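Subject: Handover of a structure

Hello,

The structure you are taking over is shown below. My notes on it follow.

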Amino acid sequence: MSALDRRVLLAGILNGLFFALPAAVVRQAVGPGIVASIMLGIVLFSGALAGYAAARSLPERAFMHGAIAGAITFVGAQLVYTVWTRTFPNPIALAFWLLAFASLGSIGAYVALWRAANIDAREG
């Protein structure tokens, strides 16, 4: 039996990419400025959202699911950036942002677990 639930991962990844991809496209289209900064914030939020969505159904390894969903959300947004700019980014920056999005996914998973625990505590 696999340690990862593919359905849960797919749900998290799709939730994250739903926000990350349009925001990444808009960020590249508008150039530098306040709108680009807001779009970057949305892309970062999408990493945490992916982790939250992956852990919301409380899989056995919720943090692992959240981290992987967050990291794959980054890969999707980075792919849009690479295609749009036709340049390959710095590998060190890629590693940094991949770890950052995995961390954001873990934070999202923590929020999902915390919320589930609070709901259980209120119910009984």
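R86 is exposed, because its relative accessible area is 75% (buried means under 20% relative accessible area, exposed over 50% and partly exposed in between, with a 1.4 Å probe and protein chains only). R86 sits in the loop between α3 and α4, just after α3. Helices here are DSSP runs of H or I with at least four residues, and they are numbered from the N terminus. The phi of R86 is positive, near 55 degrees, in a residue other than glycine.

Please keep in mind that this is a predicted model, in which local features need pLDDT of at least 70 and side-chain atom pairs count only at pLDDT 80 or more, while totals for chains, interfaces and linings use all residues. Residues are numbered from 1 along each chain as its sequence is written, and side-chain values use heavy atoms, with hydrogens and water left out.

L58 also has a positive phi, of about 55 degrees, although it is not a glycine. L58 is in the loop between α2 and α3. At 43% relative accessibility, L58 counts as partly exposed.

Helix α3

Helix α3 covers residues 62-85, which is 24 residues. The expected span of a helix is 1.5 Å times one less than its number of residues.

Which residues of α3 are buried? They are A62, H65, G66, A67, A69, G70, A71, T73, F74, G76, A77 and Q78. The cover over these buried residues includes α1, α2 and α4 (91-123).

T73 is one of the buried residues of α3, and its relative accessible area is 0%. Contact means heavy atoms within 4.5 Å. Leaving aside residues up to four places away in sequence, T73 touches I13, G16, L17, A20, S46, G47 and A50.

Aromatic rings

Rings of Phe, Tyr and Trp (its six-membered ring) pair if their centres lie within 6.5 Å; planes under 30 degrees apart count as stacked, over 60 as edge-to-face and the rest as tilted. How many aromatic pairs does this rule give? The count is five. In the pair of F19 and F45, the ring centres are 6.5 Å apart and the planes stand at 80 degrees, so this pair is edge-to-face. Because F19 lies in helix α1 (residues 6-30) and F45 in helix α2 (residues 34-55), the pair ties together parts that are 26 residues apart in sequence. F19 is partly exposed, with a relative accessible area of 37%. F45 is partly exposed as well, with a value of 48%.

There is also one aromatic cluster formed by F74, F96, W97 and F101. F74 is among the buried residues of α3.

V26, V30, I34, V35 and I38 form a nonpolar patch on the surface, and together they have about 410 Å² of accessible area. Accessible areas come from the Shrake-Rupley method with a 1.4 Å probe, and for residues only the protein chains shown count as cover. Patches are made of residues with over 30% relative accessible area and no salt bridge; like charges are joined within 9 Å, and nonpolar side chains (Val, Leu, Ile, Met, Phe, Trp, Tyr) within 5 Å. A salt bridge is a side-chain nitrogen of Lys or Arg within 4 Å of a carboxyl oxygen of Asp or Glu.

Helices α1 and α2 each supply at least two residues of this patch, and α2 gives the most, with three. V30 lies in α1 and is partly exposed, with a relative accessible area of 43%.

Is Q28 buried or exposed? Q28 counts as buried, because its relative accessibility is 19%. Not counting residues up to four places away in sequence, Q28 touches Y81, W84 and T85.

F18 is found in α1 and is exposed, at 61% relative accessible area. The C-alpha atoms of F18 and I72 are separated by 12 Å, and these residues are 54 residues apart along the chain.

Helix α4

A116 lies in α4 and is buried, with a relative accessible area of 18%. A116 and R56 are 60 residues apart in sequence, and their C-alpha atoms are 8.0 Å apart in space.

Regards
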